Amino acid sequence: GEHVRRIGVLRVARDVRGFLSVDENGRTSLPSVYACGDATGPPFRIGTAVWQARTSVANALHGISASPPELPLAVHTIPQIATVGLGEDLCRLLGRETFIGCADERDLLVPGRPADPVRALKLIFDSANSQLLGVQIAGGAATELIHVASLLLARSVTPEELAGLILHHPAQCDAFRAAAMDALLRSARGANRATAAALPAC
């Protein structure tokens with residue numbers, strides 16, 4: 001945008017797409033210049049920009065550094081789709097063994113049946129320590145439930161912990177518990193190998 005073009009007079013470094021290059025604290029190639037939000041590139045989300053701004057101010061004023069969180073991504077389509085953390089394909093590229101748990105609308109007993117229920121929810125766990133690595137959701141409330149997923153991911157929860165959660169029932173968020181139960185069943189049956197299937201194929 002115009003603001004990014006104007007800052008060009010400062011000779012701040014840019015990436016290959018023309019966005020301002022910043023480190024994890026929002027600092028540009030000029031140590032006294034910080035940038036955040038759309039000027040630094042995707043994902044172009046206001047929540048992300050607010051977090052980046054807080055991080056930049058904390059670093060500029062107090063020298064505090066922050067580790068970037070896993071940013072949830074969501075698309076307001078019909079059905080809604082959302083994801084946070086690692087997907088199975090990326091885990092394979094990184095050489096990480098995983099196992100999954102899935103839930104769909106058949107696992108949920110929501111009264112009145114929402115017009116757009118959760119169609120599918122996939123949990124991806126690390127085979128080495130059973131910690132949650134990623135979540136993918138399709139269907140109703142995906143763009144809301146993905147924030148719950150972000151909190152669970154930050155806590156590195158295991159399927160045992162998720163399956164033991166006391167959740168209001170019936171509700172769409174119960175898909176997390178159902179998917180965790182599925183992960184435990186798959187593990188118990190020895191079917192805990194990561195699959196390349198698309199999300200709805202669960």
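Colleague: How much space lies in the largest cavity of this structure?

Modeller: The model is a predicted one. A search of the whole structure finds one cavity of 30 Å³ or more. The space in the largest cavity comes to about 30 Å³.

Colleague: Which element gives the most to the lining of the largest pocket?

Modeller: The largest pocket has a volume of about 600 Å³. Two or more lining residues come from each of α2 (46-62), β1 (73-75), β5 (132-139) and α4 (142-154). With eight residues, the element that gives the most is α4.

Colleague: Which residues lie nearest the centre of the largest pocket?

Modeller: The lining of the largest pocket divides into 13 nonpolar, seven polar and five charged residues. Of the 25 residues that line this pocket, those nearest its centre are Glu70, Leu71, Pro72, His147 and Ser150.

Colleague: Is Thr28 buried or exposed?

Modeller: Thr28 is found in the loop between α1 (2-6) and α2. Beyond its neighbours within four places in sequence, Thr28 is in contact with Val12, Ser21, Val22, Val33, Tyr34 and Ala35. Its relative accessibility is 8%, and the cut-off for burial is under 20%. Because of that 8% value, Thr28 counts as buried.

Colleague: Which backbone oxygen does the side chain of Thr28 reach?

Modeller: Val33 is one of the residues in contact with Thr28. At 2.8 Å, the side chain of Thr28 reaches the backbone oxygen of Val33.

Colleague: Which residues have the most contacts inside the largest nonpolar core?

Modeller: In soluble globular proteins, nonpolar side chains tend to be buried together. The largest nonpolar core here has 27 residues, and those with the most contacts inside it are Leu121, Leu123, Leu132, Val135, Ile137 and Phe176.

Colleague: Which elements each supply at least two residues of this core?

Modeller: Leu123, one of the residues with the most contacts inside the core, is in contact with residues beyond four places in sequence that include Phe99, Leu132, Val135, Leu162 and Phe176. The elements that each supply at least two core residues are β2 (81-85), β3 (98-104), β4 (118-126), β5, α4, α5 (159-163) and α6 (174-188).

How values were computed
Residues numbered from 1 in each chain as written. Predicted model: local features only at pLDDT ≥ 70, side-chain atom pairs only at ≥ 80, totals over all residues. Heavy atoms only, no water. 1 Å grid on protein atoms, 1.4 Å probe; cavity = no way out; pocket = protein on both sides within 12 Å on 5 of 7 lines; lining within 4 Å. Points joined across faces, edges and corners; volume = space filled by probe spheres on them. Helix = DSSP H or I, 4+ residues; strand = E, 2+ residues; numbered from the N terminus. Nonpolar A, V, L, I, M, F, W, Y, C, P; charged D, E, K, R; others polar. Buried < 20%, exposed > 50% of the residue type's maximum accessible area, 1.4 Å probe, protein only. Polar contact = N/O pair within 3.5 Å; in protein donor to acceptor, adjacent residues only side chain to side chain. Contact = heavy atoms within 4.5 Å. Core = buried A, V, L, I, M, F, W, Y, C linked by side-chain atoms within 4.5 Å.
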